[in-house]
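Here are my notes on this model.

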Amino acid sequence: MLDALTLDQMRIFVAVAEAGSFRGGARRLSRVQSAISHAMGNLEAQLGVALFDRSGHRPVLTDAGRSLLADARAILLKVDAMRVALRRHEATPTV
């Protein structure tokens with residue numbers, strides 16, 4: 001279930017959740033809305049759980065979505081910190 005979850009999927013999920021819409025998430029990521037909607041549908045199918053309630057005008061996080069959001073944010077923050085650390089090491093000459 002989570003084994004095939006990608007960083008890109010997590011970034012898309014977080015962007016949509018924070019923007020409050022698929023269109024807003026697409027804008028944040030400089031992608032088209034249809035690609036974001038498709039990616040979210042695939043993610044939900046892959047996980048076997050709805051992350052958003054789409055019954056209203058705007059998508060609203062489900063309980064599962066709220067739970068995943070905190071973890072996804074933490075993972076993405078850690079990955080970004082790892083990138084910064086690696087860049088520092090790349091800039092340091094080796095002997």
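1. Contact range. The model is predicted. Of the contacts with a separation of 6 or more, 51% join residues 24 or more positions apart.

2. Layout. The protein has four helices and two strands. Their order along the sequence is α-α-α-β-β-α. The fold is more spread out than a compact globule, because its radius of gyration is 16 Å, well over the 12 Å that the globule rule gives for 95 residues. The C-alpha trace spans about 60 × 25 × 20 Å along its principal axes.

3. Burial and surface. Of the 95 residues, 33% count as buried.

4. Charges. The protein carries 13 positive and 9 negative charges. Their mean positions lie 8 Å apart.

5. Core. The largest nonpolar core has 21 residues. Those with the most contacts inside it are Phe13, Val16, Met40, Leu43, Leu51 and Phe52. Helices α1 (7-19), α2 (22-29), α3 (33-47) and α4 (63-91) each supply at least two of its residues. The largest share, six residues, comes from α1. As a general background, nonpolar side chains tend to be buried together in soluble globular proteins.

6. Met40. Which residues does Met40 contact, leaving aside its neighbours within four places in sequence? They are Ile12, Phe13, Val16, Phe22, Leu51, Phe52 and Arg54. Among these partners of Met40, Phe13, Val16, Leu51 and Phe52 are also listed with the most contacts inside the core.

7. Thr62. This residue sits in the loop between β2 (60-61) and α4. Is Thr62 buried or exposed? Thr62 is buried, because its relative accessible area is 18%, and buried means under 20%. Not counting residues up to four places away in sequence, Thr62 touches Ala50, Leu51, Phe52 and Asp53.

8. Val84. Val84 is found in helix α4. Why is Val84 called partly exposed? Its relative accessible area is 40%, and partly exposed covers values between the 20% limit for buried and the 50% limit for exposed. Val84 and Met40 are 44 residues apart in sequence. In space, their C-alpha atoms are 28 Å apart.

Note on methods: Residues numbered from 1 in each chain as written. Predicted model: local features only at pLDDT ≥ 70, side-chain atom pairs only at ≥ 80, totals over all residues. Heavy atoms only, no water. Rg over C-alpha atoms; globule rule 2.2 N^0.38 Å. Buried < 20%, exposed > 50% of the residue type's maximum accessible area, 1.4 Å probe, protein only. Contact = heavy atoms within 4.5 Å. Lys, Arg positive; Asp, Glu negative; His and termini not counted. Charge placed at Lys NZ, Arg CZ, Asp CG, Glu CD. Core = buried A, V, L, I, M, F, W, Y, C linked by side-chain atoms within 4.5 Å.
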